[in-house]
Amino acid sequence: MANIKSQLKRIKTNRTATERNKAVKSELKTWIRKFQAAAETGDAAATQRALKAASTKLDKAVSKGVIHANQAANKKSAMAKKASSL
């Protein structure tokens with residue numbers, strides 16, 4: 001365990017950031033799964049709603065620094081491509 005006061009603070013902030021990142025990534029996976037489930041049913045309207053929600057969640061994750069912008073762009077592009085094929 002660290003003895004230096006600043007390092008103890010860093011350990012705490014890293015722990016909270018890790019927990020937040022886990023929560024945001026878990027939520028992202030959930031919304032992407034919801035989109036995929038909607039796309040499999042073939043319902044275009046539900047797929048578009050799920051795409052919009054998932055895209056918003058991806059953008060928020062990028063703004064918080066949880067995922068890289070290019071990763072979000074790739075996921076959004078793949079989902080949009082899938083949605084347009086319906």
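Analyst: Contact means heavy atoms within 4.5 Å. By that rule, and leaving out residues up to four places away in sequence, Ile67 touches Lys25, Leu28, Leu58, Ala61, Val62 and Ala72. This is a predicted model, in which local features need pLDDT of at least 70 and side-chain atom pairs count only at pLDDT 80 or more, while totals for chains, interfaces and linings use all residues. Residues are numbered from 1 along each chain as its sequence is written, and side-chain values use heavy atoms, with hydrogens and water left out.

User: Which residues have the most contacts inside the largest nonpolar core?

Analyst: A nonpolar core is a set of buried Ala, Val, Leu, Ile, Met, Phe, Trp, Tyr and Cys residues joined through side-chain atoms within 4.5 Å. The largest one has 16 residues, and Phe35, Leu58, Ala61, Ile67 and Met79 have the most contacts inside it. At least two residues of this core come from each of α1, α2 and α3; α2 gives the most, with six.

User: How many residues does α2 have, and what should they span?

Analyst: Helices are DSSP runs (H or I, at least four residues), numbered from the N terminus. The expected span is 1.5 Å times one less than the number of residues. For α2, 20 residues should span 28 Å, and the end C-alpha atoms are 28 Å apart, which agrees. Just after α2, Gly65 takes a positive phi of about 80°.

User: Which residues of α2 are buried?

Analyst: Buried means under 20% relative accessible area and exposed over 50%, with partly exposed in between (1.4 Å probe, protein chains only). The buried residues of α2 are Ala46, Thr47, Ala50, Leu51, Ala54, Ser55, Leu58 and Ala61. They cover an arc of only 165° around the axis, taken from the directions from the helix axis to the C-beta atoms, which puts them on the same side of α2. They pack against α1 and α3. The face turned away from this buried side carries the exposed Arg49, Lys52 and Ser63.

User: Where are the buried residues of α3?

Analyst: They are Ala72, Met79 and Ala83. Their arc is only 40° around the axis, which puts them on the same side of α3. What covers them includes α1 (5-41) and α2 (44-63). Exposed Asn70, Asn74, Lys81 and Ser84 lie on the face turned away.

User: At what angle do α2 and α3 pack?

Analyst: Two packed helices are described by the angle between their axes and the distance between the axes. Here the angle is about 175° and the axes are 9 Å apart. α2 and α3 are therefore roughly antiparallel (over 145 degrees). Among the residues that meet are Leu51, Leu58 and Val62 in α2 and Ala72, Met79 and Ala83 in α3.

Note on methods. Axes fitted to C-alpha atoms, helices over the stretch in contact; angles between N-to-C directions. Parallel < 35°, antiparallel > 145°, perpendicular 65-115°, else oblique.
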